[in-house]
Amino acid sequence: MTNRKILYGYRIRNGILEIVPEEQQTVNRIFSLYNAGASYQGISDALNQGNIPYSQEVPLWNKYSLLFFTK
């Protein structure tokens, strides 16, 4: 993983935007938790407890890092 200027779950390889399978599993989990009624804070807490890093530079999730998933 690198910086988060590209949306979580994607990367650019050879100039093409592609899905990162390992991160896509996390994206699916975020949507599942959100659809089940979890708050942004609850989702970020669950990801942090699962030791799922947001990025190398900023490993911890927070409720603000989840906003683009539901907008």
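Biologist: Which residue of strand 2 stands opposite Tyr10?

Modeller: In this predicted model, Tyr10 stands opposite Ile19.

Biologist: What makes strand 1 and strand 2 a pair?

Modeller: Strand 1 covers residues 10-13 and strand 2 covers residues 16-19, with 4 bridges between them in the antiparallel sense. Pairing requires at least two bridges, so these strands qualify.

Biologist: What is said of Asn14 in the hairpin of these strands?

Modeller: The hairpin has 2 residues between its strands, and Asn14 takes a positive phi near 55°. Asn14 has this positive phi although it is not a glycine. Asn14 lies in the loop between strand 1 and strand 2.

Biologist: Why is Asn14 called exposed?

Modeller: The relative accessibility of Asn14 is 74%. The term exposed applies over 50%, and therefore Asn14 counts as exposed.

Biologist: Where does Asn51 lie, and what is its phi?

Modeller: Asn51 lies in the loop between helix 2 and helix 3. Its phi is positive, about 55°, although Asn51 is not a glycine. With a relative accessible area of 67%, Asn51 is exposed, since the term applies over 50%.

Biologist: What makes the contact of Glu18 with Arg11 a salt bridge?

Modeller: The closest N and O atoms of Glu18 and Arg11 are 2.7 Å apart. The cut-off is 4 Å, and therefore the contact counts as a salt bridge. The side chains of Glu18 and Arg13 also meet in a salt bridge, at 3.4 Å from N to O, which is within the 4 Å limit. By this rule the count comes to 2 salt bridges.

Biologist: Why are Glu18, Arg11 and Arg13 described as partly exposed?

Modeller: Relative accessibility is 23% for Glu18, 27% for Arg11 and 44% for Arg13. Buried means under 20% and exposed means over 50%, so values in between are called partly exposed. Pro53, at 32%, also counts as partly exposed. Its place is in the loop between helix 2 (40-49) and helix 3 (67-70).

Biologist: How many aromatic pairs does the structure hold?

Modeller: The structure holds 4 aromatic pairs. One of them is formed by Tyr8 and Tyr54, with 6.0 Å centre to centre and 10° between the planes. The centres must lie within 6.5 Å, and planes under 30 degrees apart count as stacked, so this pair is stacked. The pair links distant parts of the chain, 46 residues apart: Tyr8 is in the segment before strand 1, and Tyr54 is in the loop between helix 2 and helix 3. Both Tyr8 and Tyr54 are buried.

Biologist: What makes the pair of Tyr8 and Trp61 edge-to-face?

Modeller: The planes of Tyr8 and Trp61 form an angle of 65°, and the centres are 5.0 Å apart. An angle over 60 degrees counts as edge-to-face, and therefore the pair takes that label. This pair also links distant parts of the chain, with Tyr8 before strand 1 and Trp61 in the loop between helix 2 and helix 3, 53 residues apart. Both Tyr8 and Trp61 are buried. Ring pairs link Tyr8, Tyr54 and Trp61 into a cluster.

Biologist: Why is Glu23 called buried?

Modeller: Glu23 is found in helix 1 (residues 21-35). Its relative accessibility is 4%, and buried means under 20%, so Glu23 counts as buried. A polar atom of the Glu23 side chain lies 2.8 Å from the backbone nitrogen of Gly9.

Biologist: How do you know that the span of helix 1 agrees with what it should be?

Modeller: Helix 1 has 15 residues and, at 1.5 Å a residue, should span 21 Å. The expected span uses one less than the number of residues. The end C-alpha atoms are 21 Å apart, so the two values agree.

Biologist: Which residues of helix 1 are buried, and how are they placed around the axis?

Modeller: The buried residues are Glu23, Gln24, Thr26, Val27 and Ile30. They cover an arc of only 155° around the axis, and therefore they lie on the same side of helix 1. The face turned away from this buried side carries the exposed residues Glu22, Gln25 and Asn35. Just after helix 1, Gly37 takes a positive phi of about 100°.

Conventions: Residues numbered from 1 in each chain as written. Predicted model: local features only at pLDDT ≥ 70, side-chain atom pairs only at ≥ 80, totals over all residues. Heavy atoms only, no water. Buried < 20%, exposed > 50% of the residue type's maximum accessible area, 1.4 Å probe, protein only. Polar contact = N/O pair within 3.5 Å; in protein donor to acceptor, adjacent residues only side chain to side chain. Arc of directions from axis to C-beta.
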